[in-house]
Each structure stands twice: as structure tokens, then as C-alpha cells.
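Morning, everyone. Please have the sequence and the structure open while I talk.

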Amino acid sequence: MNKILAIAWNMVKRTIASRKGMLTYILLPSIVIAAIISVTGGMEGDKPTVLYSNMDTGAAGRHLLAELENTGDYKLIARNDEAALKEGIIQQEGAAGISIPAEYTAQLAHGQQPELSVYELRASETSILVKMKVNTIAGEMLDTARTVNAVNGGAGDAEAKLGEILKQAEQHNVGSTRTDYDLYPRQTLGVITGLTLMFLMGLVTSTVSLIMDDRKGRTMMRMFSAPVRSYEIALGNFLGSCMVGILQIAVVLTLGKWVLRYDYEVPMYLYFLVLAAFMLVSMGIASTVAGLVRNPGNAGMLNALILTPTCMLGGCFWPISVMPDYMQKAANFVPQKWAIQAVDIAAAGGSWNELWLPFAVLGLMAAVLLALGSAILRPNEAGISA
């Protein structure tokens, strides 16, 4: 056991003890995932801020803001005028800004459609949804105003009558029951999971390269004559790479969940287990490839032959559902597909009755590949020099 631990610790030091290793396998994944979270949003529990300036003194402007606030999706903050609103958007004080012009109610009451301005610094999910909601509310008010004018034949105070109807509408005497509880994974979660899996697969290249260096420099042959058995060398390299992978997973999840406060919509222990199971398969792949490859110069071909194709086939870059049927069937043979499926099931509220299958497939893949790698490693052989 001490021999295995010694080999494992040596693998850890050789992988991340250097500045390049720490940057490649720990810092780079964290930076990329943090960038994606920052772009897509996802601050847990915080409502997006929407700025507004209401120059209208009538009921329509108040109704528009009341309906937005009634959704419970936004935090509305007032600005004195349109110039202050624009400045607030430039300073990124809000994801979007709404400018309600003067005489907005009066124009609506006479059947006209006054222009509402929605400002955004960059297109985002919040700004797009705000535009859609504002257009919907404004359209409903215009239809109401035109109906009032048609019924009254243009007689009486149209603005006052419109105000009364809007006031009644704000009572929401007729409600609805929500039956869609968002029991489906967000698209951004799939992107984050796919990139995390890709970085974990990157450890395969590192592990294979280090094993090839040991074989080329006859370090593995000397270990084998210590004596250290073939399976102990394989387990030591496997365990060392797993320790690096666990550290990588822990840093990424800690940064996303507790620093950037991203809502993964999956229990953290379960998300960690999925990534850890995938990492075991990746290390099994590394052990098998290291046993098969004899020429160190061929190790650089792993990205083109294994890492990138399996990530593409397994759904790391796009949903598997958009691929042809034969590719969807082929995806069953790559671990990325099962890891992403496990995350999707957990995000949709699935139980272990559904999760056991992807975990069982990942566990079987890891066991078979590790056993195969241990059998074909042959540490008593020196590699063919490049």
C-alpha cells in the first residue's frame, strides 16, 4: 500500500507542482467556468435589477411598472429622468432600463401607441425577457383603450375610464395555477458540465505523457524491479491522477457555488459524485492508452483521436438530441454521455431509481478500463524512443 501511495504522490507532484501544471489543471478550468457563469448570469437568490424612469403622470405608466413588479422576477429601481437612466445602464447598475415618456396614458387613451424605450448595455436573458414583458403589457393596455373608445364612441373622459379599468386589472381577481415547475435542466448547466468534463478528460493527456516519460526513461522498469508489481504501478498512477482530478473538481465547484453563487440546480454532493465517477473512467482510459501506446511521440495524438471526438459525441458541446440516430446510439459507448445524463436526471428532480443506470455504466467502464490498463501496462518494457 505504501508503494502505491508513493507512486500516487509522485504523480500529483509531477502534475500540479509546477507553475504550468497548476495553471493548466487547476486555474484554467476555474477561470473558464467562472467566465461562463459570469456571462450567463445565475446569481442564486438575487433578482435582476431593472432601472426605470416614469415621466408619465397617468395610470398607464404606473400600471406597467406594477405589472412588472407583480411578476416577482425583477427588482425595480427608479431614476429621475432618461439621462440618469442611460447613465445607470452604462455603469451596469441594472440589466435593463425602461423609459416611459410623458403623456403616455393620454396617448394610449386615444388609441395611439406611444413608444417605450428599453435600454441595455448588452443583450442578456433579462433584457430580452423585459422587452417581451413590456411589449405584452403595452399591447394589452392599447387593446383595452381601443375597446373603451369603441364602446363609448369617443365620448367622456377616455383617460379616466382607462385608469379605472387598469386599476381593476391590477387586482388580479382572475388568477392562474402554475403547472410547469421548471423540472428540466437549464442549457447553461449543460454547457458548464460539458466543459468541466472536457477539462477532466485533459488529465488523460497528462497522465499518459507522464507514464510514457517513465517508460522512456526506464523509471518504470526500475520500479518494477524494486520489486513493485504491475498492478501497483497502475493503481499508483491511477490514484495520483484521481487526486488531481478531485482537487480540480473541488476548486471548480467551490468557485461556482460559494463564490459566484451559481445555482447548479443539483445537490452538490450528487454533482460531485457524477464528476468523480466520470474522472475514474477518464483515468481508466489513461491507463489503457498508456499501456497500448509504445511511442512517446504518439501521445500528442490523444486530443485528436480520443478527447475531442468523445466530447463531441458525448454532448459536451451540443445536445445529443440534435445528432443523427446512429451517432446517438454511438454516444452510449462514451462516458461523457452518461455523466451529462446523470446531471440532467438530477436537475429534473430524478431519484436514485433513475440515477443508478448512468452511475452503473460509469462504474463498469472505469473497472474494465483500469483492469485492462493494469494488464497491458508492462512496466518491464522500455518505450520506443521518438
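Start at glutamate 103, in the loop between S3 and helix H5, residues 104-109. Keep in mind that this is a predicted model. Most residues other than glycine have a negative phi. Glutamine 92 also has a positive phi, about 60 degrees, and it is not a glycine either. Find glutamine 92 in the loop between H4 and S3. Is glutamine 92 buried or exposed? Glutamine 92 is exposed, because its relative accessible area is 61% and the cut-off for exposed is over 50%.

Glutamate 159 is partly exposed, since its relative accessibility is 32%.

There is a nonpolar patch on the surface too. Which residues make up the nonpolar patch? Met22, Leu23, Leu27 and Ile31 do. Together they have about 350 Å² of accessible area. Leucine 23 sits in helix H2, residues 19-40. With 45% relative accessibility, leucine 23 counts as partly exposed.

Next, salt bridges. How many salt bridges does a search of the whole structure find? Two. One joins arginine 79 and glutamate 93. Their closest N and O atoms are 2.4 Å apart. Why does that count as a salt bridge? Because a side-chain nitrogen of Lys or Arg has to be within 4 Å of a carboxyl oxygen of Asp or Glu. Now place the two partners. Arginine 79 is in the loop between strand S2, residues 75-78, and helix H4, residues 82-90. Glutamate 93 is in the loop between H4 and strand S3, residues 96-100. The partners are 14 residues apart, and the pair links distant parts of the chain. Arginine 79 is partly exposed at 23% relative accessibility. Glutamate 93 is partly exposed as well, with a relative accessible area of 39%.

The other salt bridge is between glutamate 120 and lysine 131. There, the closest N and O atoms are 2.9 Å apart. Glutamate 120 lies in the loop between strand S4, residues 117-119, and helix H6, residues 125-152. Lysine 131 is in helix H6, so the pair ties together parts that are eleven residues apart in sequence. How open are these two? Glutamate 120 has 28% relative accessibility, so it counts as partly exposed. Lysine 131 has 30%, so it counts as partly exposed too.

On to aromatic pairs. The structure holds two of them. Phenylalanine 317 is partly exposed, at 37% relative accessible area. Tryptophan 318 is partly exposed at 35%.

Tryptophan 352 and phenylalanine 359 form the other pair. Their rings are 5.3 Å from centre to centre, with 40 degrees between the planes. That pair is tilted. Which of its members is buried? Phenylalanine 359 is, because its relative accessible area is 19% and buried means under 20%. Tryptophan 352 counts as partly exposed, at 44% relative accessibility.

Last topic: contacts across the chain. Look at glutamate 67, in helix H3, residues 59-70. Glutamate 67 is buried, with a relative accessible area of 15%. How far apart are the C-alpha atoms of glutamate 67 and alanine 169? They are separated by 9.5 Å. Along the chain, these two are 102 residues apart.

Serine 209 gives another case. Its place is helix H8, residues 187-216. Serine 209 is partly exposed, with 26% relative accessibility. The C-alpha atoms of serine 209 and alanine 286 are separated by 9.4 Å. In sequence, serine 209 and alanine 286 are 77 residues apart.

That's my tour. Over to you.

Note on methods: Residues are numbered from 1 along each chain as its sequence is written. This is a predicted model: local features need pLDDT of at least 70, side-chain atom pairs count only at pLDDT 80 or more; totals for chains, interfaces and linings use all residues. Side-chain values use heavy atoms; hydrogens and water are left out. Buried means under 20% relative accessible area, exposed over 50%, partly exposed in between (1.4 Å probe, protein chains only). Rings of Phe, Tyr and Trp (its six-membered ring) pair if their centres lie within 6.5 Å; planes under 30 degrees apart count as stacked, over 60 as edge-to-face and the rest as tilted. Patches are made of residues with over 30% relative accessible area and no salt bridge: like charges are joined within 9 Å, nonpolar side chains (Val, Leu, Ile, Met, Phe, Trp, Tyr) within 5 Å. Accessible areas come from the Shrake-Rupley method with a 1.4 Å probe; for residues, only the protein chains shown count as cover. Helices (H or I, at least four residues) and strands (E, at least two) are DSSP runs, numbered from the N terminus.
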